Amino acid sequence: MTGDTPDRRISDDLLRPLLTTSARFYVLVAFLGAIVAAGLVTWIFQMYQGFGVTGIRWPIFWAFYVTNFVFWIGISHAGTLISAILRLVNARWRRPVTRCAEAITVFALMIGAMFPIIHLGRPWLFFWLVPYPNQRGIWPNFRSPLVWDFFAISTYLTGSVLFLLLPMIPDLALVRDRTTGTRSRIYGVLALGWQGTTKQWHRLESAMQIMAIAILPVAVSVHTIVSFDFSMAPVPMWHSTIFGPYFVAGAIFSGLAALIVAMAFLRRLLHLEEYLHPVHFQNLGKLLLLMSLLWAYFLFAERLTVWYGNEAAEMAVFEATQRGSFAPLYWTMVVCNFVIPFPILALKKLRTIAGCVFASCSVLIGMWLERFLIIVPSLGHKYLPYSWGTYRPRPVEIMITISTFAAMALLYVLFAKFVPIISIWELKVGMHPPHPVSAEESEEAQQLWRTQP
Amino acid sequence: MAHRWGMAVDLDRCTGCEACVTACRAENNVPTVGAAQAATGRAIHWMRVERYWEGEFPDARLKFRPVLCQQCDAAPCEPVCPTYASHHTEEGLNAQVYNRCIGTRYCANACPYNVRFFNFFNPIWDKPLHLQLNPDVSIREVGVMEKCTFCVQRISAAEIQAKADNTPITDGDLKPACVQSCPATALVFGDLNDSESAVSRLSRSSRGSKLLGDLGTQPKVTYLARQSQA
Amino acid sequence: MDRRAFIKVTAITGTSATLANCGNPEHQLIRFVPDEERVPGVAEWKPGLCPLCSAGCGLLVRVMEGDAEVLRGGQTGVMKMGLAKKLEGNPAHPISQGKLCARGQAAIQLTYHPDRIAHPLKRTGARGSGQFQEVSWDVALAELVTQLDGLAAAGNRQSLAFMTGPSTGQRGELVSQFLSRFGAPPALSYEAFGDEVLRRANLMSFGRSQLPTLDLPRTRYVISFGADFLGTWNSPVAQSAGYGHMRQGRSGVRATFVQLESRMSQTGANADEWIPVRPGTEGVVALGLAHVLLASGLRPANAAGRAGAVIDGWSSGLSAYTPAEVERRTGVVAARIERLARELADQRPGVAVIGGAPLAHTNGLAAALAVNALNALLGSVGEPGGVNFMPQIARPGDTTRSRGDQPPTLARMTADILAADRSPVQALLIDDANPVFTAPPAWRVREALVKVPFMASFGSFIDETSVLADLILPDHSFLESWTDARPESGAAVAVATLAPPAMRPLHQTRAMPDVLLEVAGRLAQPLSPALPWQTFDEMLRAAFAALPAPAPDADAWSSAQQQGGWWGAPAGNGLQIVPVGLAAPLKLADPQFDGAVAEYPFHFLPYPSQAFLDGRLAHLPWLQELPDVMSTAMWSSWVEINPQTAARLRIAEGDIVEVASTQGSLRAPALVSPGVAPDVIAMPAGQGHETFTRYASGRGQNPMKILAPLTEPETGALAWAATRVRLSRVGGPTGELILFAGGMAEHPNVRR
Amino acid sequence: MHTDSYGRFLRWAAPLVVALAAVSSCRLAEEPPAASVFTPAHRTIGSAVNDFLNIRPAPAQPFPFPHKAHLAKGIMCTEYCHESAVKGPIAGLPSVKTCMICHESIATDRPLIKTVADYQKRGIDIPWQRVYGYASESHVRFNHAPHLRAKVDCVTCHGNIGQQTVAERNVDLKMGFCVNCHKSKQAPNECLTCHF
């Protein structure tokens with residue numbers, strides 16, 4: 001075969017970021033790395049000085065850190081869930097999207113899972129959350145939603161990592177074959193000896209199917225359990241049955257937004273215009289629109305019932321958010337999550353790539369605010385007005401928050417640097433007649449991978 | 001017979017003098033955090049006297065209400081703690097086990113009464129103020145929650161003594177610091193399992209009610225309403 | 001230490017402190033052999049006496065073994081010794097009855113205060129510069145003796161002045177004997193919020209120059225004219241105990257409690273009926289009530305006896321005090337006056353009490369007499385459930401308190417000093433008093449003291465007054481020394497509280513009475529024949545030996561040491577006092593105020609703070625961090641403003657306002673409070689110290705510094721409620737006002 | 001080509017990392033709390049780590065004390081030297097006074113006894129170091145008296161100290177140790193029994 005088949009071109013385009021490194025990459029990595037390092041130092045500082053360097057106070061004992069925790073776990077629903085659904089419904093346009101999505105999931109989870117530890121008063125004892133046999137005969141309290149979190153998140157993380165790695169194998173093999181020396185050997189190890197035999201293809205396909213099905217309930221349960229952290233406690237406007245679905249919807253909402261933003265960046269940075277078409281953004285945009293509507297519906301349902309019920313303690317929080325000191329944040333949230341994205345995504349004319357990205361950014365801001373507004377006003381207005389309080393963040397919290405966004409970007413950039421960010425083989429397969437692959441097709445498929453230097 | 005320690009607060013006797021507040025601080029090594037920290041909401045008061053205004057001048061009225069850990073039987077702070085640092089004892093006390101606390105502060109969020117406090121920094125005592133510290137009570141370090149214990153050190157001492165003498169603890173002998181100092185005897189402490197104890201009788205009073213009782217926390221502190229002709 | 005250092009404290013888990021003596025011995029102080037044998041970890045309870053106010057509550061001090069840093073033979077080291085850990089009320093004591101107030105609980109911090117003066121100090125810098133140098137006791141005492149001998153030699157012994165706090169016990173007795181033997185005028189005692197006016201009134205009405213003891217447990221109706229008897233006035237612990245009983249102690253009987261005042265006090269907050277009244281007109285209300293009782297024939301005029309006779313127009317039925325007239329003058333509705341009068345007549349026994357602000361007007365004495373007359377009219381004097389006077393133990397040579405002749409007043413002394421070019425006071429000894437802080441500026445106390453050639457203080461802390469001293473001879477803390485008290489009110493029996501030292505001294509201090517006795521012996525012409533005691537406890541022993549023995553087998557002295565004092569019916573049925581009559585019955589005049597209404601539209605009402613009283617306790621961190629129960633403020637001072645007034649002047653909570661009188665002005669954060677009248681500005685005393693330990697210095701504002709020097713003419717007591725001020729907003733919140741509470745109302749968000 | 005570009009990247013990034021490490025370490029090198037204050041904080045990071053890992057230095061005694069010899073003379077621990085153990089929570093270390101009660105007359109010629117007598121003369125106590133004890137962040141409030149009343153022998157928790165000349169910690173008083181014993185004796189195992 002000549003080196004000019006479309007398949008060949010795909011491989012060249014998508015492997016280019018791995019094989020050549022621009023100066024821009026170094027600058028970006030250094031910049032992000034610096035912020036992340038600063039964040040780490042800040043955390044050490046906090047541990048050393050005491051938790052009082054944050055803005056946390058009586059009676060508002062949770063604020064920025066838990067907000068970030070919920071936010072990032074929410075973001076993590078971008079990938080796995082979306083790509084899994086798209087895989088299951090076998091949406092064709094999914095092929096270039098899935099890996100970006102799954103990567104987001106893994107990294108967002110890793111970051112989100114950091115926060116329960118960062119926000120501990122004595123983080124060095126976090127391992128007491130882990131059940132391990134000990135002479136004292138003491139176990140974690142399995143009634144505590146925080147322990148449920150531990151299990152849910154670790155399960156979800158494991159699942160998502162597998163879900164990300166499985167479809168990477170063929171591409172890693174491709175990289176192995178395209179490179180030389182040390183890198184070739186490293187990718188060789190990662191490729192787990194993939195030869196692209198029919199047997200391996202079938203194994204891979206079925207594994208993917210199983211994971212796709214298995215990951216869905218896990219994803220849903222994770223954010224439900226995160227919502228339980230709040231709804232299990234008798235705190236005004238936390239103690240609500242709606243929280244489970246509300247949080248899951250919010251999670252997918254913010255996850256989609258994150259995905260759109262990430263794709264747009266990759267498209268620009270790695271020149272993937274040929275592979276990430278407007279149609280991809282169009283479709284994701286439609287999904288985002290759906291979630292925006294769903295979110296608005298949940299918010300309406302929650303607020304109306306509280307207002308109509310007129311229960312004293314809950315009204316205190318309601319007043320504080322709707323009219324009181326939190327009103328500016330509250331209405332910003334409404335604007336960011338609904339007023340801005342709705343028209344943009346609803347009107348075909350506006351649902352351009354730029355439009356989608358803009359809407360997504362606004363949604364990301366809005367959803368972060370939503371998490372914050374769920375946590376802080378309620379804690380500041382619990383039952384006994386004598387004990388009410390207000391909260392103001394301090395530089396430490398802000399720095400750590402910023403650094404997590406940098407960490408996300410950094411991990412993503414590095415990932416895109418070392419792994420084809422778009423699933424090469426899936427694209428190729430996508431361009432061939434539909435599955436299941438027949439014998440000769442798979443023969444041909446194997447041909448694709450036998451590449452002479 | 002196992003004890004079930006409880007308290008009755010007679011709001012008709014309480015004068016808002018706050019003797020209980022200082023007594024608690026003195027007994028339980030509760031640190032003072034200083035003006036700067038107090039201004040940012042880090043002051044620790046295991047016992048506080050809440051005041052609520054009603055009406056406007058000239059018909060303004062004021063209500064006092066001492067609030068401490070209600071030692072709930074269905075305590076919201078207990079199930080949420082991932083490490084059992086906050087848990088229920090056989091005697092029905094809400095134990096706060098400092099050494100087991102990792103500082104999730106979840107218990108404080110769950111507590112409807114906001115009677116749980118967090119050590120944002122290591123406490124300090126300007127020497128020689130530390131010579132006053134009560135050797136029977138822990139000094140809590142940074143990162144742990146703390147709250148009213150019903151003066152568990154006194155309870156424990158009394159029970160050890162009772163066991164040694166092989167005599168029951170007589171009603172009124174065992175008092176937490178706040179109860180002991182209360183000039184108007186607005187606070188009464190005792191064994192709720194002893195139906196004849198002063199606290200049991202008061203808890204049965206028609207003026208009695210539980211703070212935020214409708215939350216179903218089943219507090220062991222009973223508030224006796226303030227009467228008034230006005 | 002400042003809170004920066006606090007932040008620096010490393011946070012990484014755990015305590016090394018109690019493990020200090022477990023493991024490696026390096027950088028540890030040497031350990032002295034303990035003087036006393038005690039069981040570690042086991043508490044011992046010793047009797048004590050609360051020194052903070054004149055109520056004289058008996059204590060139980062919890063003493064446990066601990067490691068204290070001590071100085072022995074010039075060497076610092078650690079020693080195991082008994083340390084006071086906790087103060088409780090002494091259950092056997094008739095006044096405290098096993099209870100204790102918030103201030104008493106914090107008294108223990110006096111002993112362990114980091115800024116306590118540990119050695120005698122001699123002034124090195126200029127007066128008030130606060131520069132002192134440590135000297136030995138020998139040097140210090142020699143200095144004092146030389147000064148006193150100097151006076152004696154120069155033949156002006158009367159130029160020695162002694163300023164004390166309110167001391168009711170042998171300590172005060174020793175001082176007055178020392179002075180009279182030396183030939184100096186009697187000690188001067190100044191308290192900003194003192195009760196001289198009421199004592200005088202009681203002397204005139206009932207022949208007793210002492211504060212009343214209210215029989216609350218047995219009363220059915222209490223009407224209080226501004227008396228904060230549950231907070232800071234008279235004997236709060238005893239009165240609170242009585243209050244608790246009068247409310248819920250008797251099955252089926254619950255006494256009614258009515259409070260009249262112009263700013264809701266902590267006591268007023270507990271009233272069934274809180275009645276705001278125009279400042280300075282409380283006496284009018286009392287006479288109005290009396291008028292109704294007389295007019296409606298509910299009580300006969302002669303029932304009041306002499307207490308009525310001293311009131312102008314009493315016999316003729318107080319025709320000037322018809323309810324309508326009273327309403328016009330006081331703002332209390334006529335119908336309400338009539339109702340209250342009827343309730344007083346019906347719900348007996350009842351008691352009327354006056355204290356605090358109503359007495360701090362130019363007509364304070366008359367107001368007190370009016371309330372006394374009302375009590376007498378109700379037949380509540382000396383009756384169960386009424387006003388009683390605690391039996392007093394007669395003191396040999398006790399003259400000043402019994403005959404109402406006027407002791408020197410601070411105002412007069414300072415005036416004399418400033419007037420003369422050579423100060424009539426050549427040497428001034430100060431014990432437990434800080435007049436520079438609590439006196440109004442017009443008295444120019446600081447200037448006057450600076451003019452006194454020699455000044456020695458027995459204080460334990462550098463405050464605004466002792467900072468001026470040439471010599472500081474630090475006293476033991478009350479837990480380290482012999483203390484006693486003979487309170488004038490709070491119990492039905494005579495009480496002489498006695499407390500042996502509960503612990504050994506932490507510092508190089510000496511008990512002031514011992515110092516006085518030693519000086520008396522070392523003078524060129526020793527006073528020792530007249531003061532035959534080597535140490536204070538010998539004097540106490542003599543005093544208690546004179547008391548009737550509680551039991552045939554026990555003597556008063558030893559039993560007093562065990563139970564913390566002596567109480568019972570005194571021999572000879574108490575103190576005989578010659579009542580002071582009046583030339584003509586006293587007329588209740590209108591109060592005079594400093595400052596024209598037009599220019600100074602607001603009454604300024606300072607009040608003793610719940611935590612700090614007149615400021616003498618502002619150095620105790622526990623009390624600084626104690627949220628004031630009404631305002632919930634910690635570590636702050638504030639100005640209470642009525643919501644309407646605040647709205648009118650566009651003042652929001654926390655805003656900085658300026659309060660200006662003819663005497664000066666101060667700036668403090670505003671606190672909007674529904675409990676203060678629209679034309680009244682209230683402010684707690686206690687904060688605003690210039691120099692008073694690390695905890696109080698430079699914190700908040702001192703209302704005394706804008707008070708006018710008006711006095712009650714008869715007694716010369718400061719009329720601290722007679723100043724008018726103007727109010728203006730000068731800036732937004734500065735964070736000075738630190739509130740513990742969030743909300744004001746219990747149900748702020750209920751939609752109606 | 002890309003390999004050396006990686007090298008360049010590393011060379012470029014290394015100083016950054018070092019710098020940040022330096023910043024963080026100097027923040028950690030802040031001075032320990034002032035001596036004028038009492039605080040549960042650790043003086044150094046090191047001591048914090050040691051406590052965290054339950055590493056404690058062996059007590060260094062001023063001079064050997066032959067428990068064995070004294071016991072052989074029939075001097076029972078809780079009768080003479082640690083008598084407060086039966087009365088209260090703390091066993092206590094005897095002061096030099098206690099030693100001299102007997103050694104006023106007994107074995108006064110021995111060099112060690114002379115040192116003891118010398119301490120007595122100087123009015124300075126013998127700096128015995130505690131052998132057993134709980135790190136205070138373990139918040140254990142141990143009370144000797146009830147254990148003795150329950151007939152728990154000294155050696156159960158203090159090992160063969162009676163055989164030692166220089167007291168050494170040879171029983172590790174971990175929580176498991178206490179819990180197991182309490183279990184076996186049906187003693188209360190509630191957290192508040194020891195931790196408050």
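In this predicted model, the contact between chain B and chain C draws on 74 residues of chain B and 83 residues of chain C.

Together, chain B and chain C bury about 6,700 Å², and carbon and sulfur atoms account for 58% of it. On the chain B side, the residues that lose the most area to chain C are B:W53, B:F57 and B:L131, which together make up 12% of what that side buries.

There are 6 salt bridges between chain B and chain C. In one salt bridge, the side chain of C:R694 meets that of B:D126 at 3.3 Å, N to O.

Which elements of chain B each supply at least two residues to the side that touches chain C? They are α1 (19–27), α2 (34–39), β2 (48–54), β3 (61–67) and α6 (177–181) of chain B. The largest share, 7 residues, comes from α1(B). By class, this side of chain B holds 38 nonpolar, 17 polar and 19 charged residues.

## Chain D meets chain B

Here the contact takes 19 residues from chain D and 29 residues from chain B.

| Interface | Buried area | On carbon and sulfur atoms | Salt bridges |
|---|---|---|---|
| Chain B and chain C | about 6,700 Å² | 58% | 6 salt bridges |
| Chain D and chain B | about 2,000 Å² | 64% | 0 salt bridges |

## A salt bridge within chain B

Over all chains, the structure holds 61 salt bridges. One of them joins the side chains of B:R4 and B:D73 (2.7 Å, N to O). B:R4 sits in the segment before β1 (5–10) of chain B and B:D73 in the loop between β3 and α3 (77–80) of chain B, so the pair ties together parts 69 residues apart in sequence.

## Two open sheets in chain C

One open sheet of chain C has 4 strands in the order β12-β11-β10-β13, with parallel pairing. Its edge strands are β12 (273–276) and β13 (350–354) of chain C, each pairing on one side only. On average, neighbouring strands are turned by 15° against each other, direction ignored. Helix α12 (residues 364–378) of chain C packs on this sheet, touching β10 (221–225) and β13 of chain C, and its direction makes about 175° with that of β13(C). Strand β11 (residues 256–261) of chain C pairs with β12(C) in the parallel sense over 4 bridges, and C:L260 stands opposite C:I275 in β12(C).

The other open sheet has 7 strands in the order β6-β5-β17-β16-β15-β7-β8 (chain C), and its pairing is mixed. Since β6 (132–134) and β8 (188–189) of chain C stand at the edges with a single partner strand each, one side of each is left without a neighbour in the sheet. Strands β7 (residues 160–164) and β15 (residues 427–431) of chain C run parallel, joined by 5 bridges, with C:F162 opposite C:L429 in β15(C). Helix α5 (residues 170–182) of chain C lies across β7 and β15 of chain C, at about 170° to β7(C).

Note on methods
Residues are numbered from 1 along each chain as its sequence is written. Chains are lettered from A and ligands numbered from 1 in the order in which they are written. This is a predicted model: local features need pLDDT of at least 70, side-chain atom pairs count only at pLDDT 80 or more; totals for chains, interfaces and linings use all residues. Side-chain values use heavy atoms; hydrogens and water are left out. Two strands pair if DSSP finds at least two bridges between them. Axes are lines fitted to C-alpha atoms, for helices over the stretch in contact, and angles run from 0 to 180 degrees between N-to-C directions. Contact means heavy atoms within 4.5 Å. Buried area is the accessible area (1.4 Å probe) that two parts lose on being put together, summed over both. A salt bridge is a side-chain nitrogen of Lys or Arg within 4 Å of a carboxyl oxygen of Asp or Glu. Ala, Val, Leu, Ile, Met, Phe, Trp, Tyr, Cys and Pro count as nonpolar, Asp, Glu, Lys and Arg as charged, and the others, Gly among them, as polar.
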